[in-house]
Amino acid sequence: MGRNRKQNGFAARKRQKRENGSNRPDHQALPYEEIKRDNAFFIKYYQLQKICATEEEWTQFLASIRDNLPTTFRVTGFRDEAKALLSIIETQLFTEYVRAVAELHQKAPEDVERPLCLPWYPNGLAYQLHLTRKDIRRSEPLYRLHNFLIVETTAGGISRQEAVSMIPPIVLDVQPTDKVLDMCAAPGSKTAQLIEALHAAPEEHKIPPGFVLANDVDNNRCYMLVHQAKRLNSPCLLVTNHDSSAFPNLLTTKPDGSKAILKFDKILCDVPCSGDGTLRKNPDIWLKWNLAQAYNLHGIQYRIVRRGAEMLEVGGRLVYSTCSLNPIENEAVLQRIIKDADGALELVDAGHLVPGLKYKPGMTDWKLATKEVDQVFTRFEEVPESLHTIIRPGMFPLPADEMAKIGLEKCLRVLPHLQDSGGFFVAVLEKRRQLSFEKNDVVEMVQLNETAKQPAAEPQVDENGKPIEEKSVPWGPQRKKRRLHGYKEDPYVFFGENDPDYEAIKEFYQLDESLSQRCLLTRCITEKKKNIYYCSDPIRDLVLNNENHIKIINTGVKTFVRCENRHTVHPFRLAQEGLQTSNAFMGASRRIQVEREDLVMMLNCTDPTQPPSTHELKKEISGALQGIGCILKYVDQRFTLYTVGWRGTSSLRAYVQKDETIHILRLLGADLSKFETNKYEDARVAAAAAADAEAGKSAEAEADSSSDGSATEFTSSGSGAVDVPVAAETTGTPMDTEVVATKS
């Protein structure tokens with residue numbers, strides 16, 4: 001029987017591969033093959049569109065788009081210490097930058113080009129370095145710059161972002177009172193800018209009355225978005241996972257308690273696109289670029305901006321942007337939505353919001369072509385019938401008289417050669433009146449919401465107890481139910497009235513009455529709360545009114561954390577993440593003002609088992625400390641710093657994560673050498689240790705093979721012990737070297 005059994009083909013192929021494995025080429029050992037930055041279809045198509053005025057400019061455009069993209073970053077502007085960090089960057093960091101670049105390129109320091117401050121970014125908070133990402137990651141002279149960018153990005157002090165990507169949030173002109181929707185938010189760099197603008201006036205609002213709702217259709221990218229936005233620790237952020245082109249109407253509660261459809265003051269539509277404006281950053285696009293991508297994306301881009309226009313408040317502002325240069329994805333989409341709006345939407349000029357930015361006006365005439373750009377069409381009538389499902393009438397430019405009324409020249413077209421950047425397209429729309437196709441179905445939404453809150457009906461079962469599946473009829477319109485992918489999110493459980501945990505926290509931390517108890521929440525249904533989060537009132541209202549018909553990924557900032565042991569006075573400690581919010585509501589008894597030397601000493605203590613003793617601190621500080629939870633306050637001429645303090649029986653430490661610790665120490669002008677790591681030096685030490693260890697093994701193996709049993713004296717440690725050659729025992733060099741290298 002065994003001989004007649006059918007063989008497993010997969011296993012046979014696997015065995016064959018294993019047997020022939022030694023003859024296969026080692027692709028990993030081959031050098032990386034540089035991508036050829038050329039695409040005949042791309043060049044032919046954009047020459048056809050005449051995106052450059054002259055042949056000379058076209059040559060500059062091609063040279064620029066084939067070059068690598070310089071690195072840019074911006075300082076997080078709403079923080080108190082932003083100016084201090086900017087000063088450190090412009091002096092210490094750029095001095096090190098000049099030295100490192102001079103060493104890298106073997107130039108004199110005076111010949112090194114200084115970093116460029118982007119003239120159009122507000123308050124001079126953004127800089128462009130004349131280095132690529134590859135230069136910074138792979139050049140040892142630049143390791144300090146690389147460390148700085150990583151640490152400060154994680155700590156939330158800066159954000160690494162492509163220069164042209166910063167433009168849409170600026171021209172959206174967000175104010176602290178605005179209700180903002182980011183329809184295609186992931187990975188989150190623009191969302192972070194929107195949050196910064198929302199928190200731009202902390203002296204006027206403890207918590208901004210506005211909010212940012214960040215949405216993305218991709219479940220996995222939503223978590224990337226949360227990771228980016230969480231660095232800013234805003235209680236005014238809500239992250240959702242939904243198809244932007246079919247985003248549902250959301251309910252909000254009016255001051256009189258009635259329900260209404262939520263309309264947004266500002267909407268950002270940074271839609272999916274072919275991405276040919278990012279060729280400098282993503283050279284692999286050269287290999288796969290073709291016109292079919294733009295034709296396929298035009299429809300979804302239109303549906304997203306149309307849905308955004310429906311959800312926009314009258315008088316509100318919508319920014320449409322892509323990282324594409326193609327008029328099919330840009331001007332063609334805008335002319336279509338403006339024509340359909342029939343006067344309800346108007347293009348406005350936003351150039352004054354980015355003074356110093358070099359850009360070209362929007363195109364008013366363009367041509368379409370086949371995928372290979374071998375046939376060119378100026379009118380839909382010229383398109384072969386076989387292409388009618390791909391090339392649509394709305395993609396062609398409108399007649400000249402209609403085009404003049406739209407004003408597409410008000411759009412911003414940023415080309416790579418204009419200021420050594422990526423390519424980008426930005427347009428600003430304002431809503432003058434309600435759209436004719438807009439639906440404000442309040443009653444229906446309320447009914448759906450109430451129905452969704454009802455417990456699910458038990459499934460029908462047959463006589464054997466198995467569930468009966470509903471059978472769809474084979475006629476009539478069939479509509480698939482939309483499935484939300486990804487994990488099921490934990491519930492959002494808000495505090496009720498007279499919550500015992502809140503009363504205890506309020507008494508211990510002397511919380512201000514203006515802190516709304518209703519806005520505290522947990523992510524699990526249990527009597528013993530673990531982490532307590534805080535969100536703003538509008539966010540709470542959004543969650544409670546809409547959690548049943550839209551998938552909410554994340555909201556709230558961690559404010560209190562349960563931490564119980566035999567020395568604790570109170571079961572909840574403060575969380576550093578939420579201090580930016582909770583600090584404004586804390587009582588004076590939990591605030592301790594510290595001197596620079598004391599704060600530096602606490603931050604330099606990286607061993608949690610041996611925190612600084614209170615006896616090492618100043619007497620007035622150690623005498624004032626009572627209980628475990630406190631806020632450490634340091635006042636400088638330039639800024640004020642707050643950190644969470646942890647009070648032990650006779651010790652005090654700053655409860656701050658490593659990257660934020662380095663950020664604060666940098667602001668304090670402290671020595672950072674203990675935190676500075678050189679990955680190249682570490683790799684050399686590890687390689688030397690491995691080589692020494694391998695040499696030791698080879699020497700030992702050679703000694704064993706040449707031994708005849710009498711030439712080498714062996715010692716034994718007793719029954720069952722391993723015999724060790726005396727030579728190895730006396731020298732021990734390979735082993736010692738390995739231990740030292742591991743410790744270093």
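Let's start with Leu-521, whose bridge partner is Tyr-533 in S20. Before I go on: this is a predicted model, with local features needing pLDDT of at least 70 and side-chain atom pairs counting only at pLDDT 80 or more, while totals for chains, interfaces and linings use all residues. Residues are numbered from 1 along each chain as its sequence is written, and side-chain values use heavy atoms, leaving out hydrogens and water.

Back to the strands. S19 and S20, which is residues 531–534, pair in the antiparallel sense over 2 bridges. Pairing here takes at least two DSSP bridges between the strands. And when I say helix or strand, I mean DSSP runs, H or I of at least four residues for helices and E of at least two for strands, numbered from the N terminus.

Zooming out, that pair belongs to an open sheet of 5 strands, in the order S18-S19-S20-S22-S23, with antiparallel pairing. Which strands sit at the edges? Those are S18 (493–494) and S23 (572–574), each pairing on one side only. H16 packs on this sheet and touches S19, S20, S22 (557–562) and S23, and its direction makes about 50° with that of S23. For touching, read contact, meaning heavy atoms within 4.5 Å. Axes are lines fitted to C-alpha atoms, for helices over the stretch in contact, and angles run from 0 to 180 degrees between N-to-C directions.

Now, charges. Side chains of opposite charge can pair when their charged atoms come close. How many salt bridges does the structure hold? It's 34, where a salt bridge is a side-chain nitrogen of Lys or Arg within 4 Å of a carboxyl oxygen of Asp or Glu.

Take Lys-206 with Asp-512, closest N and O atoms 4.0 Å apart. Lys-206 is in the loop between H8 (189–198) and S6 (211–216), and Asp-512 is in the loop between H16 (500–509) and S19 (520–522), so this pair ties together parts that are 306 residues apart in sequence. Lys-206 is partly exposed at 48% relative accessible area, and Asp-512 is partly exposed too, at 32%. The cut-offs: buried is under 20% relative accessible area, exposed is over 50%, and partly exposed is in between, with a 1.4 Å probe and protein chains only.

Next, Arg-144 and Glu-96, with the closest N and O atoms 3.9 Å apart. This one links distant parts of the chain, from H6 (residues 143–155) to H4 (residues 82–105), 48 residues apart. Is Glu-96 buried or exposed? Glu-96 is buried, at 18%, while Arg-144 is partly exposed at 36%.

Staying with H4, its Ala-84, Leu-85 and Ile-88 meet His-663, Arg-666 and Leu-667 in H21. H4 and H21 (residues 658–667) pack at about 75°, axes 10 Å apart. The two are therefore roughly perpendicular, a label that covers 65 to 115 degrees, with under 35 roughly parallel, over 145 roughly antiparallel and the rest oblique.

Last stop, Cys-323. An unreviewed UniProt entry annotates Cys-323 as "active site"; such positions are given in the numbering used here, feature names are shortened, and annotations may be inferred rather than shown by experiment. Cys-323 lies in the loop between S11 (312–322) and H12 (331–341), and is partly exposed at 21%. Setting aside neighbours within four places in sequence, its contacts include Cys-273, Asp-276, Thr-278 and Phe-424.
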